[in-house]
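Please open the structure and take your time with it.

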Amino acid sequence: MSTDDTVIAAAEALGRELASHPVVQKLEGLVKELEADTEAKRLMADLRRQEESLLKKEASGQPIEVADKHRRQELQQSVAMNPLLGRLQAAQMDYVDLMRKIDGLIGGSGAGS
């Protein structure tokens, strides 16, 4: 039977392995690039604000205007066309895939083996 100390030591070892994994390192590098890219950050913030605005309208039963939908679509296209944000999105997907494999193993389902 495992003790708390054994489980914590295993978690710390997993954390060290993850920190050195190429998927995690790539994602961290792209996040640092994003922090320095004002245009990409602006695009992301604009899209987030637009999405929040639409969600608030929907939640309150207000109509969502065609112009609102067009603005969201324009922002989504701008985000998709930004090279850094495209690389970041791909890296995030790789990270999520890695975490799903790990979660499946921790959960005992054997996924990812």
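Leu88 is buried, because its relative accessible area is 5%, and the cut-off for buried is under 20%. Keep in mind as you look that this is a predicted model. You will find Leu88 in helix α5. Which residues does Leu88 touch, leaving out those up to four places away in sequence? They are Leu27, Leu30, Val31 and Leu34.

Those four names come back when we turn to a pair of helices. Two packed helices are described by the angle between their axes and the distance between the axes. Here, the axes of α2, which covers residues 22-36, and of α5 come within 9 Å and cross at roughly 150°. The crossing of α2 and α5 is left-handed. On the α2 side, the contact is made by Val23, Val24, Lys26, Leu27, Leu30, Val31, Glu33 and Leu34. On the α5 side, you can pick out Leu84, Leu85, Arg87, Leu88, Ala91, Gln92, Asp94, Tyr95 and Leu98. What kinds of residues make up this contact, by class? Twelve are nonpolar, one is polar and four are charged.

Now let us look at the largest pocket. Its volume is about 160 Å³. Leu88 turns up here too, as one of the lining residues, together with Leu34, Met44, Leu47, Val79, Ala80, Leu85, Gly86, Gln89 and Gln92. Which of the elements gives the most to the lining? That is α5, with five residues. Sorted by class, the lining of the largest pocket has seven nonpolar residues, three polar ones and no charged ones.

To finish, follow α5 to another of its residues, Met99. Is Met99 buried or partly exposed? Met99 counts as partly exposed, because its relative accessibility is 22% and buried would require a value under 20%.

Met99 and Leu18 are 81 residues apart in sequence, while their C-alpha atoms are 9.6 Å apart in space. For Leu88 and Gly104, the separation along the chain is 16 residues, and their C-alpha atoms are separated by 24 Å.

Note on methods:
Residues numbered from 1 in each chain as written. Predicted model: local features only at pLDDT ≥ 70, side-chain atom pairs only at ≥ 80, totals over all residues. Heavy atoms only, no water. 1 Å grid on protein atoms, 1.4 Å probe; cavity = no way out; pocket = protein on both sides within 12 Å on 5 of 7 lines; lining within 4 Å. Points joined across faces, edges and corners; volume = space filled by probe spheres on them. Helix = DSSP H or I, 4+ residues; strand = E, 2+ residues; numbered from the N terminus. Nonpolar A, V, L, I, M, F, W, Y, C, P; charged D, E, K, R; others polar. Axes fitted to C-alpha atoms, helices over the stretch in contact; angles between N-to-C directions. Left-handed = near helix turned anticlockwise from the far one by under 90°. Contact = heavy atoms within 4.5 Å. Buried < 20%, exposed > 50% of the residue type's maximum accessible area, 1.4 Å probe, protein only.
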